[in-house]
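Open the structure in your viewer and keep the selection tool ready. This short tour tells you what to pick next and what you will find there.

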Amino acid sequence: MLSIVSSNLKKSNLSGLNIPKRFLEVFVHDKEGNKHAIEFEEGDTLFEAVENAGHSFIPGSCNGGIACGECVVFVPEGQMENVSELEEDEKDCMEATGTSHPSARLACGLILDEDSEGIEFKLK
């Protein structure tokens with residue numbers, strides 16, 4: 001019997017089976033310039049991942065509902081193809097709040113997957 005030992009594996013129950021989930025990692029630089037390693041599961045938004053990690057440095061009066069436009073992050077140059085596409089509701093929210101930088105995204109609309117691993121996001 002094989003045993004898997006890793007700090008970035010989490011057990012999940014899928015139809016009665018215990019299947020390890022692999023956590024991935026991104027980094028977020030807060031407004032003071034501090035770099036935070038953030039573990040996430042595929043499908044989490046960046047906002048959810050930061051909150052799940054116990055941090056509250058990403059603003060968001062709508063609690064990640066793609067409504068307030070406060071959780072602006074910048075995606076590093078050359079990394080836009082490694083994050084989810086900008087959906088219409090996120091685009092509308094960004095336009096309504098005057099956010100137009102080409103590398104800007106809302107943390108609550110940015111869905112993370114394995115292609116996002118290792119990216120260093122910066123808060124606006």
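Select Cys108. Is Cys108 buried or exposed? Its relative accessible area is 5%, and the cut-off for buried is under 20%, so Cys108 is buried. Keep in mind that this is a predicted model.

Now look at where Cys108 sits. Its place is the loop between β6 and β7 (120-123). Leu46 and Cys108 are 62 residues apart in sequence, yet 6.2 Å apart in space, C-alpha to C-alpha.

Which residues does Cys108 touch, leaving aside its neighbours within four places in sequence? Show Thr45, Phe47, Gly64, Ile66 and Cys71: Cys108 is in contact with each of them.

Next, select helix α2, residues 88-96. Colour Glu90, Cys93 and Met94, which are buried in this helix. Turn the view to look down the axis of α2: the buried residues fall within an arc of 100°, so they line one face of the helix. On the other side of α2, find Glu95 and Ala96, which are exposed. To see part of what covers the buried residues, show β6 (104-106), which is included in that cover.

Zoom in on Glu90, which lies in α2. At 1% relative accessibility, Glu90 counts as buried. Leaving aside neighbours within four places in sequence, Glu90 is in contact with Ile66, Arg105, Leu106, Gly109 and Leu110.

Last stop: Gly98. This residue follows α2, and its phi is positive, near 75°.

Note on methods: Residues numbered from 1 in each chain as written. Predicted model: local features only at pLDDT ≥ 70, side-chain atom pairs only at ≥ 80, totals over all residues. Heavy atoms only, no water. Buried < 20%, exposed > 50% of the residue type's maximum accessible area, 1.4 Å probe, protein only. Helix = DSSP H or I, 4+ residues; strand = E, 2+ residues; numbered from the N terminus. Arc of directions from axis to C-beta. Contact = heavy atoms within 4.5 Å.
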